[in-house]
Amino acid sequence: MNRLSPARQSLILRLLCEGNSIRSTSRITGCHTKTVGDTILAYGHAARHLLDDYLTGMTLRHVEVDEMWTFVGKKQAHLTVDERRERHDIGDVYLWTCVDQDSKLIASHLVGKRSADNARRLMVDLARRIEIPRPHASDDHHFERRRPEPVIQISTDGLAAYPEAIDLAFGPYASHGVLIKEYRNATMQYDPSEM
């Protein structure tokens, strides 16, 4: 990967962004599939470091948290008992996103299983990126009991892991709301459902 010219690396990324597979990108560019994969990983790590450096100290009013489902290798229901026990890199995978309602900025994201551990990781990462009042020695906590004001509203779906994860990451500085979607014609097979 280090020997590729920046122009060829750029071509690989452009082809992948246009929807080409790794194999077709390999055929078009003349690079090995491992080289294409290494390019994806290198630029992914660089993008992660860029976001970690620049997306800090934000003041966000309302963040919507959601997960998008996909699978790697095969769907979770098709995994064998041994694969479920030994392989955690295949099966159902979710892209977790924290989207600012006003600017549509993705303040934090995570790729992984839909678990309580990943919910906690996502919320802790979001909390470190936004501006939250930190305890200070000059706070008047011994004299007056004031309830801290929430600095952010977080809307999630009904996943049971979210309330505990938000409380762990934000404490009293976040308001949490749950969005439950109800569809009018969800039983009709071929028509799109109306919310």
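Aromatic pairs: the count comes to two, where rings of Phe, Tyr and Trp (its six-membered ring) pair if their centres lie within 6.5 Å, with planes under 30 degrees apart called stacked, over 60 edge-to-face and the rest tilted. In Trp69 and Phe71 the ring centres are 5.8 Å apart and the planes meet at 40°, so this pair is tilted. Trp96 and Tyr162 make an edge-to-face pair, 6.0 Å centre to centre with 75° between the planes. Trp96 belongs to strand β2 (residues 91–100) and Tyr162 to helix α6 (residues 162–170), so the pair ties together parts that are 66 residues apart in sequence.

Before going on: this is a predicted model, where local features need pLDDT of at least 70, side-chain atom pairs count only at pLDDT 80 or more, and totals for chains, interfaces and linings use all residues. Residues are numbered from 1 along each chain as its sequence is written, and side-chain values use heavy atoms, with hydrogens and water left out.

Trp96 is buried at 0%, and Tyr162 is buried at 0%. Trp69 is partly exposed at 43%, and Phe71 is partly exposed at 36%.

Next, the chain. The protein chain has six helices and five strands, taken as DSSP runs numbered from the N terminus (helices H or I, at least four residues; strands E, at least two). Starting at the N terminus, the order is α-α-α-β-α-β-β-α-β-α-β. Of the 195 residues in the protein chain, 31% are buried. Counting contacts (heavy atoms within 4.5 Å) with a separation of 6 or more, 48% join residues 24 or more positions apart.

Now the surface. The protein chain exposes about 13,500 Å², and 54% of that comes from carbon and sulfur atoms; areas are by the Shrake-Rupley method with a 1.4 Å probe, and for residues only the protein chains shown count as cover. Met68, Leu95 and Val111 make a nonpolar surface patch of about 270 Å². Met68 sits in strand β1 (residues 62–72) and is partly exposed at 45% relative accessibility.

Conventions: Patch = residues over 30% accessible without salt bridge, like charges linked within 9 Å, V, L, I, M, F, W, Y side chains within 5 Å. Salt bridge = Lys/Arg side-chain N within 4 Å of Asp/Glu carboxyl O. Buried < 20%, exposed > 50% of the residue type's maximum accessible area, 1.4 Å probe, protein only.
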